[in-house]
Amino acid sequence: MAANAVWHGAGRRIHMQEVGTRDGLQMEARFVPTEDKIALVNALSATGLAKIEVTSFTSPTAIPALRDAEIVMREIERRAGVVYTALVPNQRGAERAIESRTDELNLVMSVSETHNLANLRMARAQSFAALAQVVATAQAARVAVNVSLSCVFGCPMEGDVAEDEVFDWVQRFADIGVAGITLCDTTGMAFPSQVERLVRAARVRWPGLVFTLHFHNTRGMGLANVLAAIAAGADRFDASLGGLGGCPYAPGASGNVCSEEVVHALELMGYDTGVDLAALVAAARRLPALIGHDIPGQIAKAGRRLDLHPLPEGFGAIRERALAR
């Protein structure tokens, strides 16, 4: 694809995948009541999103904000065409997720040894061995698997991560039958030319894999990185309602790229996201009451580009006086 083609979507389909109900809510101090989580997922289902990461089947002690994972996953209203996924850290989490009728298990490890040790308390080889068992369990149950590789575009403790090292881990999971890989900019270190180069190389090397891009807006380059990935042929993106999220290893970091901001921009550029933007914005506007504070996303506050404002009071008289001069 020509680099300038990214500015002219021409109806090209981009699949939007919502992660705010997991990646976002897990970072919140206030516990969002179970019934409100279910209602939020149901509202998101009605917007036309391709996939929703509903929750995380992690230990309730580790992530108390998502301690109601089974109830939420079982009681949401499922819409045809929407994939309902969940983060699964280990074998027990996989069993819980499968019992709760999760469509897809999302497994996570880091391509950075330091980050993997800090975040998961395991070396990468240990993580891979454990996740390979989860993959086998999912395959036996005929449940889809996606693997999210953290720190693909840089580690906050090691710095740059070699492309060959990233691709080595992609190949390891491809070799055991994983069909979906998410390339994650975990702490917002990615920049557009880097993104375009790596995504293009990955798609050439593994044309049969389904790649998703997961960006954070830590340094204000989230949307630019989305566009760079699109220029390289990517068509699946994680994003978070209201821009919620963050990372404990990126102090002061903002959250994921904002779902409604990405959809708004792509629609203006002629891409087909399949998402009802008005409904998505309405869902984002629910968040402050649920989490107890403002959200980073701007579209919920400022409105869409052509959400016009009423004329100022007395405008008719102002116009008449101006025309009479």
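Contact here means heavy atoms within 4.5 Å, and helices (H or I, at least four residues) are DSSP runs numbered from the N terminus. The model is predicted, with local features needing pLDDT of at least 70 and side-chain atom pairs counted only at pLDDT 80 or more, while totals for chains, interfaces and linings use all residues. Residues are numbered from 1 along each chain as its sequence is written, and side-chain values use heavy atoms, leaving out hydrogens and water.

Helix H6 (residues 124–140) has two partners to look at here. With helix H4 (residues 91–99), the axes come within 9 Å and cross at roughly 20°; axes are lines fitted to C-alpha atoms over the stretch in contact, with angles from 0 to 180 degrees between N-to-C directions. H4 is therefore roughly parallel to H6, a label for angles under 35 degrees. On the H4 side sit Gln91, Ala94 and Ile98, which meet Gln133, Val134, Thr137 and Ala138 in H6. That makes four nonpolar, three polar and no charged residues.

As for helix H7 (residues 163–175), its axis and that of H6 come within 11 Å and also cross at roughly 20°, so H6 is roughly parallel to H7. Arg124, Ala125, Phe128 and Leu131 of H6 make this contact with Glu165, Trp169, Arg172 and Phe173 of H7.

Gly274 lies in the loop between helix H10 (259–268) and helix H11 (277–284). Because its relative accessibility is 34%, Gly274 counts as partly exposed, the class between buried (under 20%) and exposed (over 50%), using a 1.4 Å probe and protein chains only. Leaving aside residues up to four places away in sequence, Gly274 touches Arg13, Thr47 and Gly48.

How values were computed: Helix = DSSP H or I, 4+ residues; strand = E, 2+ residues; numbered from the N terminus. Parallel < 35°, antiparallel > 145°, perpendicular 65-115°, else oblique. Nonpolar A, V, L, I, M, F, W, Y, C, P; charged D, E, K, R; others polar.
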